[in-house]
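Please read it alongside the sequence and the coordinates.

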Amino acid sequence: MRGRSDGGQKKRLITSLCIVAVFLVFLYAYFGSKSNGESALEYGSRSLRKLGSSYLGGDEDAALGGKHEESTSIFGLEDGEDNIVPKSFPVCDNQHSELIPCLDRHLIYQMRLKLDLSLMEHYERHCPPAERRYNCLIPSPPGYKIPIKWPRSRDEVWRANIPHTHLAHEKSDQNWMVVKGEKIVFPGGGTHFHYGADKYITSIAKMLNFPNNIINNEGRLRTVLDIGCGVASFGGYLLSSDVIAMSLAPNDVHQNQIQFALERGIPAYLGVLGTKRLPYPSRSFEFAHCSRCRIDWLQRDGILLLELDRLLRPGGYFAYSSPEAYAQDEEDLRIWKEMSALVERMCWKIAAKQNQTVVWVKPLTNDCYMEREPGTQPPLCRSDDDPDAVWGVPMEACITPYTEHGHKTRGSGLAPWPARLTSAPPRLADLGYSNDMFEKDTELWQRRVEKYWDLLSPKVTSDTLRNLMDMKANLGSFGAALKEKDVWVMNVVPEDGPNTLKIIYDRGLIGAIHSWCESFSTYPRTYDLLHAWTVFSDIEKKGCSAEDLLLEMDRILRPTGFIIIRDKQGVIDFVKKYLPALHWEIVATESDPDQDGEEFILVIQKKLWLTSESIRESE
């Protein structure tokens, strides 16, 4: 009897332990899932972490060997071979609807990074470490609408898409923007040109005696860098003169200015003149512009002005509209005197000065540099300095002289626009490319783009697309093939490949150097079409996460926007598995006959979806 009693007690004990275990599992599942949900909003869910989906914030994991096994083999896996695909991705909280992972000021504060605010380091790229990365889909703000089409979008956007009106109040006397019901309207004003960018642009062309007072100078002036661009009205009004500007501003107190620019359909990029070179090669721009951009050009031996010098072409212009150029108070006079002395030592000359604007011009050759007194500051850059190395490279307080060929050419040697788009530029030789290779590449991408548009034709009309990105632009022939379309292309060149971005700028197009192991410097929902030619294959070789890249593409793509992936079959199959989780759908698939079946095309459209929270807030 005693033995049976002991056995019963054991059974009851085991049963009790099982009940407790089940209860604990339930508690863990319930609260753990809540914790994971919150983690997805802040750091990314653990289930995605197993896939290597750390959301783009740098390649620290790759450097530590943390993700190589998963990422390098994932495109070759068959169903059931440990390639777990989520049925859905978590959705970020609405407060993250404007998240820029590598330009997240909240992250900087939370991580207590020791940055020099006087050098603008807090506005430079600082990507999150693995434990702080976001693994969720970025929601649209409440009431989001499909953006207004170009060219109407230059002058008006939906207020719900960028629900920030502080600039309208702060800059009310300068005609930056005006709130009118459901829309925000842009009269074309700026801090220095209250009465319109168009009149201001014409006045600059007149100052420089350009034919017919047109800023493009008969096609010789094509690419412009607008520093501290505001909402980019200057760049927006240049487009009608066949001039394209890279409108640049940081994510600062006017934090949504670049978002407004891109919503308007105007080329723009989040960046700052801080401690690192801007992501553009040397001699990229014919014209640089700063209108009340509040930059201390004299700091650190003129290093910021010397960065502009690196970026300007031979004979390039810098238009500076600021009180220092005309005011008579003691401080402004001091700044003007010191700035004038600095640019004189840099061999710049005043091309024109009128009212509140001065325009300097850069020399065509090295002659002036060679004639300076020994020890003159700033010095010439070292002979081993590569002026085209820009990704994470610190600025140098030195003058970049021209190459021997550039010195003899007495200029850039570029054809006027639009001929330069299809003319082989002199700097091709720097990369070992021949004119014949350039022409064949142009012809190849012309055929490919025509095919893309055939595949897109059931879904797009002439005004469907405006902001396009070529994620691996090579020589820029994808963008060149779109000349007759009313679009512009952000040409992205990988940081570790041939630096073909200088060829792209020499063709009269624009772009930036970037690593797709990190998040791009733009707001969510800013591009209508992304073109990814072998981008997934490339990041696989680096050991970076393909899932991260999918989430990043979703972040920067507008709802109802398109993605064209051209890659190997394994990549296409991999991406297809994620379509439901990303709320994407297939538009078309096709193999490329030019590549003997080695490259396949997948055309995708992103669906418009809203969270229940967004819907409630918009009602």
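Helices (H or I, at least four residues) and strands (E, at least two) are DSSP runs, numbered from the N terminus. The model is predicted, so to speak of local features requires pLDDT of at least 70 and side-chain atom pairs count only at pLDDT 80 or more, while totals for chains, interfaces and linings use all residues. Residues are numbered from 1 along each chain as its sequence is written, and side-chain values use heavy atoms, with hydrogens and water left out.

**The sheet**
- Seven strands form an open sheet of mixed pairing, in the order E13-E12-E11-E14-E15-E17-E16, where two strands count as paired if DSSP finds at least two bridges between them.
- Strand E13 (510-514) and strand E16 (584-591) stand at the edges with a single partner strand each, so one side of each has no neighbour in the sheet.
- Neighbouring strands of this sheet are turned by 15° against each other on average, direction ignored; axes are lines fitted to C-alpha atoms, for helices over the stretch in contact, and angles run from 0 to 180 degrees between N-to-C directions.
- E16 pairs with E17 in the antiparallel sense over seven bridges, and Ser-591 has Phe-600 in E17 as its bridge partner.
- Helix H17 (residues 535-542) packs on the sheet, where it touches E14 and E15, and its direction makes about 75° with that of E15; contact means heavy atoms within 4.5 Å.
- Helix H18 (residues 546-556) also packs on the sheet, touching strand E11 (467-470), E14, E15, E16 and E17, with its direction at about 140° to that of E15.

**Strand E15**
- Of the 11 residues of strand E15 (residues 557-567), 10 are buried, so the strand is largely enclosed by the rest of the structure; buried means under 20% relative accessible area, exposed over 50%, and partly exposed in between (1.4 Å probe, protein chains only).
- Strand E14 (residues 527-533) pairs with E15 in the parallel sense over six bridges, and Ala-532 has Ile-565 in E15 as its bridge partner.
- Strand E17 (residues 600-606) pairs with E15 in the antiparallel sense, also over six bridges, with Ile-563 opposite Ile-604 in E17.

**Helix H11**
- In helix H11, Asp-332, Ile-335, Trp-336, Met-339, Leu-342 and Val-343 are buried.
- These residues cover an arc of only 130° around the axis, which puts them on the same side of H11; the arc is that of the directions from the helix axis to the C-beta atoms.
- On the other side of H11, Glu-330, Lys-337 and Glu-344 are exposed.
- The buried residues of H11 pack against helix H10 (299-311), strand E8 (312-321), strand E9 (349-354) and strand E10 (357-361).
- Cys-347, which follows H11, has a positive phi near 75°.
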